[in-house]
Amino acid sequence: MTLVMVVDDDQDLAEMLGIVLTGAGIDVDLVSRGDEVMDVFHNNPPDLVLLDVMLPGLDGIEVCKLIRAESMVPIVMLSAKGDTQDVVRGLEAGADDYMVKPFRHPSELIARIRTRLRRTNADVSGLLTIGDLAIDVQAHQVLRAGKQIQLTRLEFDLLVALAKEPGRVFTRDALLSEVWGYRHSTDTRLVNVHVQRLRSKIEHDAEHPEIVITIRGVGYKAGVMGGS
Amino acid sequence: MNRIFWKIRNSLAFKVILSTVILSLGVVWITGSALNSRLSTGIKEVNLNSAVVEARSTIFTAEYRFLLAQGEKDFVVQQVVDDVIASATTLTSNENTREVVFIRSPGNTRPINYEIASNLLDPKSIPSSLSERVRKETDLVWQYTDMRYVPGGKVPGLAIGQKVQIPNAGQYEMYIVFSLANEKTTLDLINSYLLITGIILLLLIALITWLVVRQVVKPVREAARIATEFTAGDFRQRMKVESQDEISTLGHAFNEMAESLEQQIARLENLSRVQQRFVSDVSHELRTPLTTLRMASEVIHSSKDSFDATVSRSAELLVAQLDRFERLLEDLLEVSRFDAEVAVLEAVDFDMVQLVNRCAEDLALVAKERKTQIYVKSVEPVIMVKADIRRVERILRNLLANAIDHAEEIQIDVQIVASEHDVAVGVRDYGVGLDENALTRVFDRFWRADPSRARTRGGTGLGLSIALEDARLHNGELEAWGRPGRGAHFVLTLPRKTWESIDRRLIPLQPEDYKA
């Protein structure tokens with residue numbers, strides 16, 4: 001069974017989320033305070049965290065940073081504010097995705113959770129190379145000169161998506177559909193923030209990227225740097 | 001010349017100085033001429049008196065000598081005449097010359113002629129009017145005249161004459177002519193002094209006026225400058241009050257006004273901030289229970305088949321109304337952002353044609369329900385723009401949804417036109433249309449063209465107003481055209497780079513298919 005930790009201070013909403021997720025066959029751990037998250041997290045590590053931004057005890061963004069410091073578990077932020085700043089702060093703190101309350105449909109929430117949990121790139125096998133990085137898709141590992149680089153599942157998916165079709169230029173919309181499973185999303189902030197985060201981990205110089213290259217006005221593509 | 005008129009119109013100081021100088025000029029002119037005429041009359045009078053005395057004694061002496069020469073020979077008489085002339089002219093000083101003229105009276109037919117004028121003075125210098133009076137009178141007669149000399153040149157003079165009897169030669173008129181050259185020089189000198197004094201006086205008056213006016217105008221100018229800066233938004237500006245005069249009263253009044261304005265503005269700003277904050281908080285606070293509600297309603301809705309018909313229908317209504325409630329909440333929140341001027345643009349590069357097509361496809365189903373269809377036509381296959389795609393999409397969806405609502409089962413035409421600089425999207429429907437009143441209010445919040453009209457799509461009434469704000473945020477424009485029963489035409493024009501402004505309208509607002 002999949003376990004999702006739901007962190008929300010609104011009891012009714014948390015309970016409702018529990019009902020919906022349980023109905024979809026997902027186990028739920030309910031936490032109502034920010035400062036209680038890490039204890040629960042250690043006792044019973046979840047497969048995914050559903051995290052509200054505004055929390056008593058400890059702010060959702062701080063909680064997100066704490067989790068990221070020790071785990072690559074997928075994090076989906078819940079925000080009552082659709083404001084850019086809140087969303088970007090959450091993504092920069094390490095969240096993979098976000099949902100603005102109220103959700104269009106509960107099914108949308110479940111779809112998002114499933115996307116984050118599913119094993120993407122199951123069709124890709126063996127070793128991929130991008131720049132001086134070696135990617136072992138099955139083992140979910142990225143190696144540079146034999147040393148492993150820690151990536152979140154989403155960052156890994158993003159890198160694999162680019163690496164498996166070197167030379168292809170991906171639009172942001174294409175990446176949103178490929179990696180996040182969105183159709184028709186116009187929110188390109190997700191892509192921008194995660195590309196930045198990915199670069200900070202894999203590029204030699206994030207200011208002058210050589211592995212994930214920006215094609216101005218279009219999107220991104222994998223670099224064809226020699227040295228693989 | 002224009003500059004001077006401009007100055008007169010626009011500078012209080014210049015106006016005051018100019019009018020003061022003009023008035024002073026009149027006063028100086030009048031006093032100057034009065035002084036001038038008094039002085040010249042005075043000088044002339046003094047001269048006349050002494051001249052008359054001198055002339056009387058000279059003529060008396062001459063008469064006496066002629067009397068003594070009675071019965072003498074002609075050459076002796078000639079001698080006496082010469083003597084008389086010599087003594088009369090010798091008496092003259094260098095400055096004030098005087099001449100003697102003898103003129104034979106008309107009717108004197110004696111053969112000997114003693115007619116003579118001293119020092120080449122032209123005898124015609126004696127006016128005939130004076131001669132006539134001399135002949136009639138027995139006493140001295142005088143008149144001002146010009147002394148003309150035969151070699152040329154003339155000076156102002158005074159001629160005094162009387163009849164005399166010359167022995168053996170009959171009646172003659174004897175004239176003493178005094179030169180007034182010195183007096184004229186004196187008067188000229190006085191005149192030039194008067195003129196110079198007048199000019200200096202005028203300059204001094206102008207200077208004094210300027211100094212005085214400056215005292216008044218400077219604080220007024222200062223007040224104007226401060227008022228301008230105040231208007232420009234610097235509410236801390238205050239006038240300096242340093243004295244106890246009317247200017248300081250103005251300063252006090254101005255400062256009080258500024259103070260009260262500043263407080264009012266601060267109060268209103270605070271009020272609007274509080275209100276805006278409240279709207280935003282309410283919207284946010286509503287979101288959490290709304291999320292719970294939505295999920296609960298979905299759960300109920302998904303099992304509605306197991307309920308009886310009324311409960312099942314109620315579940316459907318619940319879901320639909322929650323949808324509507326949510327849209328309203330979103331729109332309200334967006335409106336409050338616009339009102340608070342915190343709406344921000346996030347510009348990205350995208351293809352406008354693709355976006356329009358996508359919106360049209362998304363709404364195709366709704367259009368089909370309303371028995372209409374959307375046709376998109378673009379001049380170019382790809383039109384790249386840099387704008388906030390979320391907002392542009394919202395504008396397009398609002399325009400299309402609005403067109404579908406009013407299409408009356410007739411098709412909807414969308415055209416996309418682009419230039420180097422701008423891009424325009426026109427949405428034309430051929431349905432109910434808009435009258436003039438509706439056109440002025442179509443972008444108003446919560447305004448409905450016809451309150452009795454069913455709003456099947458459950459719009460919020462904020463769509464077009466938000467669309468307009470979105471367009472303006474892009475430095476673009478959204479305009480509406482319509483005629484009752486002839487449909488409506490909404491044209492969105494945006495700069496292709498959002499920070500620029502629109503160059504020109506690419507789609508005429510009145511549709512080309514419309515013939516009045």
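**View 1. B:K371 in the loop between α9 (364-369) and β7 (374-378) of chain B**. In this predicted model, B:K371 is exposed, with 10 other C-beta atoms within 10 Å; a residue is exposed if 12 or fewer other C-beta atoms, placed from the backbone, lie within 10 Å of its own, buried if 20 or more do, and partly exposed in between. Although B:K371 is not a glycine, its phi is positive, at about 55 degrees. Most residues other than glycine have a negative phi. Helices and strands are DSSP runs, H or I of at least four residues and E of at least two, numbered from the N terminus.

Residues are numbered from 1 along each chain as its sequence is written, and chains are lettered from A, and ligands numbered from 1, in the order in which they are written. Because the model is predicted, local features need pLDDT of at least 70 and side-chain atom pairs count only at pLDDT 80 or more, while totals for chains, interfaces and linings use all residues.

**View 2. B:N475 in the loop between α12 and β11 (477-483) of chain B**. B:N475, a residue other than glycine, has a positive phi near 65 degrees. With 17 C-beta neighbours inside 10 Å, B:N475 counts as partly exposed.

**View 3. Helices α6 (residues 246-302) and α7 (residues 309-339) of chain B where they cross**. The two axes, which are lines fitted to C-alpha atoms over the stretch in contact, with angles running from 0 to 180 degrees between N-to-C directions, come within 10 Å and cross at roughly 160 degrees. That makes α6(B) roughly antiparallel to α7(B), a term for angles over 145 degrees. Residues are in contact if their C-beta atoms, placed from the backbone, lie within 7 Å, and those of α6(B) that meet α7(B) include B:L286, B:L290 and B:L293, whereas α7(B) brings B:L322, B:F325 and B:L329 among others. The residues of this contact divide into 13 nonpolar, six polar and five charged, where Ala, Val, Leu, Ile, Met, Phe, Trp, Tyr, Cys and Pro count as nonpolar, Asp, Glu, Lys and Arg as charged, and the others, Gly among them, as polar.

**View 4. Buried residues of α7(B) and the residue just after the helix**. In α7(B), B:A315, B:E326, B:D331, B:E334, B:S336 and B:R337 are buried, and the buried residues of this helix pack against α6 and α12 (463-473) of chain B. Just after α7(B), B:E341 takes a positive phi of about 55 degrees.

Terms used
Angles under 35 degrees count as roughly parallel, over 145 as roughly antiparallel, 65 to 115 as roughly perpendicular and the rest as oblique. Two residues are in contact if their C-beta atoms, placed from the backbone, lie within 7 Å.
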